[in-house]
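This briefing concerns one protein chain, shown below. Please read the notes that follow alongside the sequence and the coordinates.

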Amino acid sequence: TIVKCDTTAGPFTIQLVREWSPNGYERAVELFQRGFFDGSHFYRVVPHFLVQFGISYTNDPELLKLANKSIPDDPKFDPPMKFKEGTISYAGSGPNSRTSQLFISYGSVPSLGRELWETPIGEVIEGMESIRGLYSAYGDMPPWGHGPVQGMIHRGGKAYIEEEYPQLDSFISCLVTEEEADDEITSEEEADAYSQDDEESSEESSEPEGEAFEALVIESTDEVVKVEPLAGTERIGSPMKKEVASEEVVGVTTGAISDMNTIFMVFGGIFLAVSIFLGIIVYTKRRRAKFDKSS
């Protein structure tokens with residue numbers, strides 16, 4: 001199935017492939033056909049990692065009910081298909097948690113595709129420059145960046161984004177223009193070729209990408225951080241429910257959450273050690289004061 005989308009950053013075209021992920025394909029096609037994504041924002045744009053979307057502003061209760069209903073995970077290819085620039089997948093929060101949030105990969109991230117819900121459903125075949133041009137200065141969601149909080153988008157809707165993040169790009173509209181139910185390009189052999197091509201490209205550019213992700217980790221901007229140095233998106237892809245800043249987060253965030261927990265534990269240990277040290281000093285001073293009085 002071919003889907004052509006117009007956005008505030010320019011047009012792009014995607015191809016959804018049923019054989020890669022039957023359940024994911026059926027849900028995505030229906031959402032695109034019913035205009036679920038029209039007008040919604042690309043609320044999570046993390047350079048060198050991914051762009052996430054799929055929180056709609058529709059007032060159609062039946063469409064929202066459909067979008068919020070989770071679908072079963074699809075079997076992965078063996079070996080799993082590797083992600084490359086333009087690969088599209090669902091964000092999720094655990095087994096059988098896919099709903100409506102999708103992400104597009106910005107490159108060959110080794111950690112993407114490991115989770116059950118991160119099964120590719122298609123790829124961008126035209127207009128990737130529009131996806132690269134999406135506004136990204138807000139960074140990732142808190143605490144890794146200053147981007148929107150997913151829970152606030154659900155509650156505040158479009159008004160929240162336009163007031164707090166006015167420069168974010170959004171969909172204008174999408175049109176399902178062609179269906180290819182049994183096309184040869186959706187075969188398992190093609191999926192294998194897809195992985196092999198990606199493997200070759202990743203070998204050619206592995207060094208620069210590694211440096212880029214290291215930089216992201218050092219700047220602590222990513223739950224992206226499902227990159228190798230930390231462990232990566234509904235997220236990052238988009239994809240896990242975690243309590244971050246008291247809001248529900250769906251994304252490829254496993255690595256980041258784990259990393260933040262480690263940081264909190266380290267700081268907690270330091271705080272405890274300092275508290276004990278100060279306690280000893282106070283105790284010593286009091287003992288010395290008593291001794292001086294008695295003498």
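The side chain of Thr7 reaches the backbone nitrogen of Ala9 at 3.0 Å, a polar contact (a pair of N or O atoms within 3.5 Å; within protein, one must be able to donate a hydrogen and the other to accept it, and residues adjacent in sequence count only if both atoms are side-chain atoms). The model is predicted, so local features need pLDDT of at least 70 and side-chain atom pairs count only at pLDDT 80 or more, whereas totals for chains, interfaces and linings use all residues. Residues are numbered from 1 along each chain as its sequence is written, and side-chain values use heavy atoms, with hydrogens and water left out.

**Overall composition**
- The secondary structure comprises six helices and 10 strands, taken as DSSP runs (helices: H or I, at least four residues; strands: E, at least two) numbered from the N terminus.
- Of the 295 residues in the protein, 48% are buried (under 20% relative accessible area, with exposed over 50% and partly exposed in between; 1.4 Å probe, protein chains only).
- The protein exposes about 14600 Å², of which carbon and sulfur atoms supply 53%; accessible areas come from the Shrake-Rupley method with a 1.4 Å probe, and for residues only the protein chains shown count as cover.

**Thr7**
- Thr7 belongs to strand S1 (residues 2-7).
- Thr7 counts as buried because its relative accessibility is 8%.
- A polar atom of the Thr7 side chain also lies 2.6 Å from the backbone oxygen of Gly10.

**Glu26**
- Glu26 is located in helix H1 (residues 22-33) and is partly exposed because its relative accessible area is 41%.
- The side chains of Glu26 and Arg18 form a polar contact at 3.2 Å.
- Glu26 and Ile71 are 45 residues apart along the chain, and their C-alpha atoms are separated by 9.9 Å.

**Helix H4**
- Helix H4 (residues 150-164) has 15 residues, yet its end C-alpha atoms are only 13 Å apart, short of the 21 Å that a straight helix would reach at 1.5 Å a residue; the expected span is 1.5 Å times one less than the number of residues.
- H4 bends by about 120° at Gly156, the bend being the angle between axes fitted to the seven residues ending there and the seven starting there.
- The buried residues of H4 are Gln150, Gly151, Ile153, Gly157, Tyr160 and Ile161.

**Helix H6**
- Val274 lies in helix H6 (residues 254-294) and counts as partly exposed because its relative accessibility is 42%.
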